[in-house]
Amino acid sequence: MALDSPAEDEPAQDPLAVLRAAIPELEAETMPQALAEIGSVTEAIPYRWLFWPAMIEVAGAVFVDLYGAGEEEIKRRLRAACASGGVKDQSGWNRLVASFNYFEIGNIFSSWRGSQDSDEQVQLALAESLIEPWNAKISALFPESRAKARIAAPDPTLGVCIEVLQDSPVPPSGSLLP
């Protein structure tokens, strides 16, 4: 499984240009100015979890716990999926792990500022800004995992997505999961 980003050769979105297009009244000329102009202390607090989410290793696989399910709930869901017969071999385990590590940018938020939040360029700018910190945390916590976050290949039905892929995470043996 190749872990390179599908859009790796394309230049990253200019976040300030994306903000200006989405918020025409924005006067900022730099990102720090934009933060001061449109951000707030209270609104900033939850973003720590978006840029540095909880990550858990279960049965040799890394899981980004973006929604706060916790280790026991992830294990429960994995056990249920394994018990249903969907994991018979390495490829089944790979698919299961990947399904837990696929995030639609449009589904992360329930509060939308306006129609610009559904704009692909806005969502792409956010996704691109998450890749570096997610990969830094994966590398710091699980240096041997060879897991990597990237922007997923385009899927018009899902919008912009981030996926965390791993080169053949080791499937659980015996009882399937601890």
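**Figure 1. Contact of glutamine 166 with valine 62 in the predicted model.** A polar atom of the glutamine 166 side chain lies 2.8 Å from the backbone oxygen of valine 62. Glutamine 166 belongs to strand β5 and, at 3% relative accessibility, is buried.

**Figure 2. The open sheet formed by β3, β5 and β4.** The three strands are arranged in the order β3-β5-β4, with antiparallel pairing. Because β3 (102-104) and β4 (147-151) are at the edges and each has a single partner strand, one side of each lacks a neighbour in the sheet. From one strand to the next, the twist averages 15 degrees. Three bridges join β3 to strand β5 (residues 161-166), and tyrosine 102 stands opposite glutamate 163 in β5. Helix α7 (residues 120-141) lies across β3, β4 and β5 and runs at about 175 degrees to β4.

**Figure 3. Aromatic pair of phenylalanine 63 and phenylalanine 100.** The count of aromatic pairs comes to four. In this edge-to-face pair, the centres are 5.5 Å apart and the planes form an angle of 80 degrees. Phenylalanine 63 lies in strand β2 (residues 61-65) and phenylalanine 100 in helix α6 (residues 90-100), so the pair ties together parts 37 residues apart in sequence. Phenylalanine 63 is buried, at 1% relative accessibility.

**Figure 4. Tilted pair of tyrosine 67 and phenylalanine 103.** The ring centres are 6.1 Å apart, with 50 degrees between the planes. Tyrosine 67, in the loop between β2 and α5 (71-83), is linked by the pair to phenylalanine 103 in strand β3, 36 residues apart. Tyrosine 67 is exposed, with a relative accessible area of 52%, whereas phenylalanine 103 is buried at 3% relative accessibility. Ring pairs link Tyr67, Phe103 and Trp134 into a cluster.

Key. Residues are numbered from 1 along each chain as its sequence is written. This is a predicted model: local features need pLDDT of at least 70, side-chain atom pairs count only at pLDDT 80 or more; totals for chains, interfaces and linings use all residues. Side-chain values use heavy atoms; hydrogens and water are left out. Two strands pair if DSSP finds at least two bridges between them. Helices (H or I, at least four residues) and strands (E, at least two) are DSSP runs, numbered from the N terminus. Axes are lines fitted to C-alpha atoms, for helices over the stretch in contact, and angles run from 0 to 180 degrees between N-to-C directions. Contact means heavy atoms within 4.5 Å. Buried means under 20% relative accessible area, exposed over 50%, partly exposed in between (1.4 Å probe, protein chains only). A polar contact is a pair of N or O atoms within 3.5 Å; within protein, one must be able to donate a hydrogen and the other to accept it, and residues adjacent in sequence count only if both atoms are side-chain atoms. Rings of Phe, Tyr and Trp (its six-membered ring) pair if their centres lie within 6.5 Å; planes under 30 degrees apart count as stacked, over 60 as edge-to-face and the rest as tilted.
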